[in-house]
Amino acid sequence: MVMQNEKLKGHLAIGAAYTIFGLNLVFCKDIANSESVSPYVLFTLRAAGASALFWLLGAFGKEERIEKGDYWRIALASLVGLFIPQMTFLMAITMASAIDTAIIGTLGPVFTMFFAFLFLKEPITGKKAGGVALSLAGILWLIFNSVHEGGAAVTSPMGVLLLLVNSLSFSFYLGVFRPLISKYSVVTFMKWTFLFSLLVSLPISARGFVSTDFAAIPVNVRWEIAFLVLFATFVAYFLIPYSQKRLRPTLVSMYSYLQPVIAAVVSIWSGIDTLSWQKVLSAVLIVGGVVLVGKSRSAGSAAPDVEMGKP
């Protein structure tokens, strides 16, 4: 019963995180189109804000010691799980159409499944492969029936490359770093992760900070940046490692398919789009795939689904 409760908490956490990311996709495009801040400056603002919040939160808890040999592993996790995915995405959305961005994003769970197989020895079972394929079919069906062009009219080769790097990098993070994440509390792991990412980004964004006219940023863009820092960075990246402690990597990655679904729901709610049988069918396929992956066995026939870390 305890294990089932922990799995439920993991599902709720990752579901909430990717719901936030679904809204984040809309705001990131709006910020990029406003040309108020560069991708480098925007990432540094997110890293600085989240780092400050995690270190502030950590100050109210018990100090947790990081093993000396783990600092470089956390630094690598920050590079492939935060810096590279966020930076490549912020750059790619100005070079890729909405539909191409969504399609390439569907490769994430496939990449994660193979990385988890290679590095964590998670078996690629029939249920797992079938679940990924079923959800992939559902999300592609949704994309081709719902996603409208926006941002770049034509996707450039560089846009495709950046999106592939984005998907590969974050999938590598999900598929490889679960044991390290489970070793420490969420706050401890994330405060160091964001600090390392901030240190990497500062030299790159320094010139952009000097040339950015922050007073000229429109009010609505300021609110969108605030949402990115507080919710799409601090809250969402608290929920992701929380769920990684309780769910297997491929299952966590499957929730990325929520992003286009959230975009479709927002479009229907705002009157831009309408509910159709195609959207209902895609939702059924996506949920069915997630359920199949959730029922697949983990490494070892009797191995538990939940690898408990510190709360």
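Mentor: Helices (H or I, at least four residues) and strands (E, at least two) are DSSP runs, numbered from the N terminus. Keep in mind that this is a predicted model, where local features need pLDDT of at least 70, side-chain atom pairs count only at pLDDT 80 or more, and totals for chains, interfaces and linings use all residues. Residues are numbered from 1 along each chain as its sequence is written, and side-chain values use heavy atoms, with hydrogens and water left out.

Trainee: Is Thr44 buried or exposed?

Mentor: Buried, because its relative accessible area is 2%. The cut-offs are under 20% for buried, over 50% for exposed and partly exposed in between, with a 1.4 Å probe and protein chains only.

Trainee: And what does Thr44 touch?

Mentor: Leaving out residues up to four places away in sequence, Thr44 touches Leu198, Ser201, Leu202, Ser205 and Phe209. Contact here means heavy atoms within 4.5 Å.

Trainee: How do helices H2 and H9 cross?

Mentor: The axes of H2 (residues 39-59) and H9 (residues 186-211) come within 7 Å and cross at roughly 150 degrees. Axes are lines fitted to C-alpha atoms, for helices over the stretch in contact, and angles run from 0 to 180 degrees between N-to-C directions. H2 and H9 are therefore roughly antiparallel to each other. Angles under 35 degrees count as roughly parallel, over 145 as roughly antiparallel, 65 to 115 as roughly perpendicular and the rest as oblique.

Trainee: Which residue classes make up that H2 and H9 contact?

Mentor: There are 19 nonpolar, 7 polar and 1 charged residues in it. Ala, Val, Leu, Ile, Met, Phe, Trp, Tyr, Cys and Pro count as nonpolar, Asp, Glu, Lys and Arg as charged, and the others, Gly among them, as polar.

Trainee: What about H2 and H3?

Mentor: H2 and H3 (residues 71-92) pack at an angle of about 140 degrees, with their axes 9 Å apart. That makes H2 oblique to H3. On the H2 side, the contact includes Tyr40, Phe43 and Arg46, and on the H3 side it includes Phe83, Gln86 and Met91. By class, the contact of H2 with H3 has 9 nonpolar, 1 polar and 1 charged residues.

Trainee: Zooming out, how many helices and strands are there?

Mentor: The protein has 13 helices and 0 strands. Of its 311 residues, 50% count as buried.

Trainee: Which residues touch the most others in the largest nonpolar core?

Mentor: That core has 67 residues, and Ile14, Tyr173, Phe177, Phe189, Tyr237 and Ile240 touch the most other members. A nonpolar core is a set of buried Ala, Val, Leu, Ile, Met, Phe, Trp, Tyr and Cys residues joined through side-chain atoms within 4.5 Å. Helix H10 (residues 219-244) gives the largest share of this core, 11 residues.

Trainee: What does Ile240 touch?

Mentor: Not counting residues up to four places away in sequence, Ile240 touches Ile14, Ala17, Phe21, Phe170 and Leu174.

Trainee: Last topic: which way does phi go at Glu35 and Lys121?

Mentor: Glu35 has a positive phi of about 55 degrees although it is not a glycine, and Lys121 has a positive phi of about 60 degrees, again without being a glycine. Glu35 is in the loop between H1 (2-34) and H2, while Lys121 lies in the loop between H5 (108-119) and H6 (126-146). Glu35 counts as exposed at 69% relative accessibility, and Lys121 counts as exposed at 61%.
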